[in-house]
Amino acid sequence: MKPLPLLQVQNLGVYLKNKIDQPLLQDIHFELNRGETLCLLGESGSGKSLTALSLMRLLSPCLQYHPETRILLRNQDVLTLPEGLFQKARGKELALVFQDPFLALNPLLTIGQQVSESLALHTTLKGELQYQACLELLESVRLKNVRLCYKSYPHQLSAGMRQRVMIAMALAARPQLLIADEPTSALDVVTQQEILELLQDLKKRFELALLLITHDKKVAQQMADEVAVIKQGKITETTRGFVFFKRLELQQAPQKMLKTIPGKDASKDYRKTLVRVQGLCVSLDDLSPKTFKSKQEPLIVNHLTLQVKEAEILAVVGESGSGKTTLARALLGLIPGRAENLVVNGRVLLEKGRIETIKGQAPAQLVFQDPIASLNPRLKIAEAIGQGLKIAYADLTPEECEKRVILLMKKVGLTTELTGRYPHELSAGQCQRVAIARALSVNPRVLICDEATRSLDEATANDIIELLQHIVEKEDMALIWISHDLTKASRVAERICVMKNGEIVEEGLSQAIMTQPQHAYIQILVKAAS
Amino acid sequence: MTPVFLLSDILLVAIMAAIIMIFVRSYRNPRLPQWSLMFKEPMAMVAGFLLASFGCIALLDSCRYESDFQVRTVLDLCLQGLVQKEGPSYAAPLTAIAGVDSSPLVDGVITALNYSTTMTGLILLVFWFRGCSCEQGLWQRMTNFIKGQHFYAWRSFFLMLWLISLVICIFYQWIAQYYIMGTDKLGSDILYQALKSIRTALAVGLLSTFLLLPCALFFGLLAGYFGSKVDRVITYIYSTIAAIPSILLITAAVLILQTSQIQSADHHLLILCLILGLTSWAGICRLVRAEVLKVQDYPFVQAVQMLGLSDSKILLQHVLPAVWPIALVGVTLDFSGLVLVEVALSYLGIGVGEGIYSFGTLMNNARMELVHLPVVWWPLLSAFSLVSLLMIAANFMSDVLQAFFDPTRRPQ
C-alpha cells in the first residue's frame, strides 16, 4: 500500500473577508511525501507566498479560508486545531524559511541566542547540552567557525551566512516539512547556488519534505521532484519535474531570443568614445568620513580601465560586492575618488588626479533597480518627465512641454493616457519605462542601468531590454549595463567586463566570454546563471 | 456703533480666509488636487464640521464694535442673555434663575427638537429635490441617502447639522430661564466664559502654528539637505532652545516683553503667540531634519539631482511633500501642547492679559474651586469638554489631511 502523504492540501481557497466571489487563492490541491521536493512556481503576485502563509495559518486577520479547505498534516486537519495547539506544531512539525534573512532575524540578539530560542521551545535540552546542540545545528548548515558565529550579530554575517542561520533555526526541532519562500532570491548568484546545494543535502539527510516557493525556473529545475505552476491564485498544472522541464525546453526553442547587436569590425570602427576610464580607484575612505583611518586603504574599485563608444552597450557583470555600483556612481560624479583619466560624455571629471563630486547635472543618467522607488510618489507621470525637459530647454512653454512629454512617452512605448496617473497606478514595467523617459528627457549621451531589470519578471525585462537596445542604436548613445546575471548580459551587450573585488578580471566580446571563459570565476558565474 | 479692528482679529480672520481660499481655488480649478475629496470620509466630514463650528464662534468673537463706550463683539450680541445675567455665586448647572417663572427643562428640549428637526428636514428636502432633475428619482435619492451611498459623506453632514442645530436650539430655549453651565464665585456665567475662550485658544493655536511651522520646515529642510556646516549650526541652535525647559524660556520671554510699554490685552495675546511660536519649533524641526535625511537617499531624489534640478526645486517639489505629513502630525500634537502651555502660563499669572477669557484662566480658577465642599466641578468640566472636542477634531482632521497628501491613500 502506498504510504499516506505527509501533507495533503485540498481545495485551499483564501479570500478577503466578505468577498467570497473574489478569491485570492482558489482550488489548490497538492500532496507532498517525505524526502520529496515540490516547487511552487509562479510570477510575482500569483499567490505563492500566500499559499505558504496559509499552510502555516499565518494569514492576516482580513483574510479568510474557504469553508471547504482541508490542510491535512499526517492525516490531521490543521485548520480544525485550536490556535494554541497549532502554535506548538509550528516549528516542530513544519517550519518556514523566509526570503530576506536580514529582516527575519532580530538585529539585537546574537545568532546563538536566536537559534537556542527555537531549541529551548521545542526540545528539553538545557545549558551545556543546548549549546552543543546549537553548535551542531550551525555546523549542519555548513557554517564555518561556528563558535564565532554563535557570538556574532546578524549584521556581522554575510547574506548567505544569514540564510544558513535561518535554515538552522527552522531545522532546530527536526521538522518534517520545510517551507522555503524564495530562499535564494535575496542572494547573489554564487551564494544562491551554495544554499540550494545545502537544501538538497539537508533534504536527503533528514528526509525532509521540502516545499520550495520560487519564481525562478532555474532554481525549480535544479531542485524539484514535482512542479506545481501557480497563476493568479490557481494551480494550472502539476507534473513531475523532469517532464515539465523537458517540455519547457521543447517549447522554448522556437521562442524569440533577444537580438544581440553584432560586434562591429574593430579596425573600421569610426565611433566616438563616450566614456573613457583609466586607472579608476575608489577607496572606502572616499565614501565614508575618515573616522578610522587605516594604513592600507581598502579599494572598492581597484585601478579599473574601460571604454564605451557611441551606439555601444557594455555590460559590467559581477557578484554582489564586486564594486559594480560604486563604479557607476563614480562615473556619474556622485562620489570622490582617484583616476588617471576619467572622461564621461566629453566632461573631464578629474581635477589634479582626484575626482570631485559634481554639483548640478550629472554627465550621464542612471536607471535604477527599483522602478517604483525611483519615481516620486507625489508627482504625476507627465510632471516627472516634464521637469527634466524644463532643464534641458530653458524657455519651454507649457504646451510645448506637454508635446515633448508625449513624444518621449511614445518613444519609450507608453500610451498617452497615462500622463495624469501617479506611479502607484502603474505596473513595475511601466514605471521603469517612465524612469527611462525621465533619464532621456535631458538628452544624455550616456545611460547607465544598474540592475534595471532585476525586480521585473522575465517577459517585462525582455521588453525593457529591447527598448533600450533600440534607443541606443537610434540615438547613438552609450549604455553601461550593470548586472549580476551573465547570461542575460551576454544577450544585452556586445562587450562584457567581468568584475571581481573591484578589478576587471576579464573583458571581451560576449560570445567569446560565454563560450570560452578564461577565468575560473566566470565559470562559476556561468554555471550559476544557467 | 462703530467697528473696531484689533491686530489679532485681523490676523485670525486672515488665516481663516486663507484656508477657505485654498478650498475655493481647488474647487474652481480642476487641475489642482481636489480638497473636497477629503469629505468622502464620514470621519473627515464630522471633524471638519466641528472645526468649522469652532471657527464660526471664533469669527463671531473677532468682529468687534463699540457702543456706549464699550467694545463688544458679535458673539456678545448673540449671547446677550448670558452677558447681562448677574447671578448668585456657585450656582450649579441648570439652576433656575430666581425671579423668572421657568417652564420644565424637558419642554425646552422638545421645542428645540421640533425646531432643529424641522430645519434640518427642510434643508434635506431641498437637497433631495435639487438633484431630482438628473436620472434618479426622489425615492431613489432618499434610499441612497439612508444607505450612505453618496459620493460625499452627506449622511454624516446632515447628522452633524441636526445635532448642532439641536444644541443651539436647546441653548436658546434655556438661556433665559437657567444657568446652563452654572456660575463662578463672582456669579458670572461659566458657559459665556467657555464660549469666549474658544477664540483665544484658536488664536494661540493658529497664530503660533503659523509662526512655528515655517521656522521648523525651513531650518529642518536646510539642515537635513545640505548637511555639514549648515546642519551643525542649525542643530546647535535648536538643541540650545530645546535644552532650556520650555516653560521657563517662555516665562522669561513673556516677562521681558511685557515690562515694556505695551499694555493692551490684545498686544499681550499677540506677544504670547509670537513667543510660543518662536520657542517651540525645535521639536518639529528635529523631526523634519531626520525625515529629510531619510528622504534624500531615496532613488527618486537622487534621480532628479542627476537631472540637474536646482536644489531649491528639489527641496520644494520632492523633499518637502515627502516630509510634510510628518510635520503635519507634529503640528497637530503641538497645537494641543500650545493650549496647555497657555494654561500653565495663566497659572503663573502671566498668560493672556486681563479681560481676555481663556481656557487657561478658566481651568486655573476652577482648580482652586475644587477644594470647596460640595465640589464646584462645572467650570473645569465645561473648559475640559470644549478643549477635548477641539483637540479630537483637530487630530482626526490631521489624519484625513495626511491621507489626502499621499496619492496612494487619497480617496478617489
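Contact here means that heavy atoms lie within 4.5 Å of each other. The structure described with this term is a predicted model, in which local features need pLDDT of at least 70 and side-chain atom pairs count only at pLDDT 80 or more, while totals for chains, interfaces and linings use all residues. Residues are numbered from 1 along each chain as its sequence is written, chains are lettered from A and ligands numbered from 1 in the order in which they are written, and side-chain values use heavy atoms, with hydrogens and water left out.

With a relative accessible area of 5%, S382(B) is buried. Buried stands for under 20% relative accessible area, exposed for over 50%, and partly exposed for values in between (1.4 Å probe, protein chains only). Setting aside residues up to four places away in sequence, S382(B) touches M181(B), I190(B) and A194(B). The C-alpha atoms of S382(B) and G182(B) are 9.8 Å apart, although 200 residues separate the two along the chain.

Stepping back to the whole of chain B, its secondary structure amounts to 16 helices and 5 strands. Its C-alpha atoms fill a box of roughly 80 × 70 × 45 Å along the principal axes. Chain B has 412 residues, of which 48% count as buried. Of the contacts in chain B between residues at least 6 apart in sequence, 76% join residues at least 24 apart. The chain is divided into domain 1 (103–176) and domain 2 (190–405), with bounds that come from an automatic or database domain assignment. Taken over C-alpha atoms, the centres of these two domains of chain B are separated by 37 Å.

At the start of α8(B), a side-chain oxygen of D189(B) comes to within 2.9 Å of the backbone nitrogen of L191(B). Just after the helix, G227(B) adopts a positive phi of about 60 degrees. Most of α8(B) is covered, with 30 of its 37 residues buried.

The helix also has a kink of about 25 degrees, centred on T209(B); the bend at a residue is the angle between axes fitted to the seven residues ending there and the seven starting there. T209(B) itself is buried, at 9% relative accessibility. Beyond its neighbours within four places in sequence, T209(B) is in contact with V204(B), P214(B), V331(B), F335(B) and L338(B).

The nonpolar cores come next. Such a core is a set of buried Ala, Val, Leu, Ile, Met, Phe, Trp, Tyr and Cys residues joined through side-chain atoms within 4.5 Å. The largest one has 57 residues, among which I198(B), L202(B), I250(B), L276(B), F359(B) and L390(B) touch the most other members. Helix α8(B) gives the largest share of this core, 12 residues. Domain 1 and domain 2 of chain B both contribute residues, so the core lies between them. As for L202(B), its contacts outside four places in sequence include L12(B), M16(B), F54(B), F335(B) and L390(B). A second, separate core of 49 residues includes V434(A), I436(A), A439(A) and L468(A).

H318(B) counts as buried, at 1% relative accessibility. Its side chain and that of N376(A) are joined by a polar contact of 2.9 Å. A polar contact is a pair of N or O atoms within 3.5 Å; within protein, one must be able to donate a hydrogen and the other to accept it, and residues adjacent in sequence count only if both atoms are side-chain atoms. H318(B) also touches L379(A) and Q387(A), as well as F300(B), V304(B), L309(B) and K313(B).

Chain A is divided into domain 1 (7–251) and domain 2 (271–363 + 459–530), whose centres are 37 Å apart over C-alpha atoms. N345(A) lies in the loop between β16 (341–344) and β17 (347–348) of chain A, and is partly exposed at 27% relative accessibility.

Notes:
Helix = DSSP H or I, 4+ residues; strand = E, 2+ residues; numbered from the N terminus.
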